[in-house]
Amino acid sequence: MRKPIIAGNWKMYKTPKESLAFLESFLPLVKGHDRDEIILFPTMTSLAAVLEVVAGTNVRAGAQNMHWLNEGAYTGETSPTMLTAIGCRQVLLGHSEQRMYFNETFERVNLKLKAAISHGMDAMVCVGELLAEREAMQTEEVLRTQVRAALHNITASEAQRLVIAYEPIWAIGTGATATPEMAAEAHEMIRKELAHCCGSQTAQETRILYGGSVKPENINTLMAQEQIDGVLVGGASLVPESFARIVRYE
Ligand code: PEP
């Protein structure tokens, strides 16, 4: 059984004070909810405070990115040892905004994934195609290349710490959502690649989330798809009531 994950990516929103105000409203709304795992990815300046408040609750928190080395002359970066030192055991990697605006590559995502695993962290790796690639019928090829590069030399046992988020770039923050059928089809493609990289058991066990304009209005139909093991939510995760409604999908 793949336990669903409902994750919120706060991108570059919320000061520490705003993050704590969110939790004050949100935690009571999801108290005792055990059907799904709930993960929040706040900004780096809010992360320590968020981790402290969610400790002992059914909500976990992680970083939106990290470097793969433990330390060094890399201005502006945060290392896995720095994250684990504050109790962070989750990291989001390869988000399309990192790829589009900061030249993140899947080769670097692979280094970061290996670093996360070796530090005992769980990693959520984002993959997804551009609209032009979908229109050119290249979705499968793009997903294959991304998954293979991200998982290069990752063993089946290491992949137990992996979650994939399928986020078609044309659906992120645009209001356009992939139809549940489109998402399910892409998830099938990713699962096939997981089997190629790490074997069929890993492919069956790895959770694949959908992300891209998920809202309370479309969560039920997305989660009704057998291939969709949860969602990664951007905009709609910023408001406690709306994110709690997503967590409580039917
Ligand atoms: C995201 O940031 O990963 C995302 C899916 O954003 P949104 O839900 O706003 O499209």
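Helices (H or I, at least four residues) and strands (E, at least two) are DSSP runs, numbered from the N terminus.

The model is a predicted one, in which local features need pLDDT of at least 70 and side-chain atom pairs count only at pLDDT 80 or more, while totals for chains, interfaces and linings use all residues. Residues are numbered from 1 along each chain as its sequence is written, and side-chain values use heavy atoms, with hydrogens and water left out.

**Exercise 1. Decide whether the faces of β7 and β8 are buried or exposed.**

Step 1. Set the cut-offs: buried means under 20% relative accessible area, exposed over 50%, and partly exposed in between (1.4 Å probe, protein chains only).

Step 2. Take β7. Arg207, Leu209 and Gly211 lie on one side and Ile208 and Tyr210 on the other, and all are buried. Because 5 of the 5 residues of strand β7 (residues 207–211) are buried, the strand is largely enclosed by the rest of the structure.

Step 3. Take β8. Gly230 and Leu232 point one way, Val231 and Val233 point the other way, and all are buried.

**Exercise 2. Classify the ring pairs around phenylalanine 22.**

Step 1. Apply the rule: rings of Phe, Tyr and Trp (its six-membered ring) pair if their centres lie within 6.5 Å; planes under 30 degrees apart count as stacked, over 60 as edge-to-face and the rest as tilted. The count by this rule is 4 aromatic pairs.

Step 2. Tryptophan 10 and phenylalanine 22 have ring centres 4.7 Å apart and planes at 70 degrees, so this pair is edge-to-face. Tryptophan 10 lies in the loop between β1 (5–9) and α1 (16–30) and phenylalanine 22 in helix α1, so the pair ties together parts that are 12 residues apart in sequence.

Step 3. For phenylalanine 22 and phenylalanine 26, the centres are 5.1 Å apart and the planes at 35 degrees, so the pair is tilted. These two residues, 4 residues apart in helix α1, are separated by about one helical turn.

Step 4. Ring pairs link Trp10, Phe22, Phe26 and Phe243 into a cluster.

**Exercise 3. Describe the surroundings of the ligand.**

Step 1. The ligand is surrounded by 14 residues, of which the closest are Lys11, Glu167, Gly173, Ser213 and Gly234.

Step 2. List polar contacts, meaning here pairs of N or O atoms within 3.5 Å. An oxygen atom of the ligand lies 2.8 Å from a polar side-chain atom of glutamate 167. A polar backbone atom of glycine 173 is 2.6 Å from an oxygen atom of the ligand, and a backbone N or O atom of glycine 235 is 2.9 Å from one.

Step 3. Finish with area, computed by the Shrake-Rupley method with a 1.4 Å probe. Taken alone the ligand exposes 290 Å², and the protein buries 96% of that.

Note on methods:
A residue is near a molecule or strand if one of its heavy atoms lies within 4 Å of it. A polar contact is a pair of N or O atoms within 3.5 Å; within protein, one must be able to donate a hydrogen and the other to accept it, and residues adjacent in sequence count only if both atoms are side-chain atoms.
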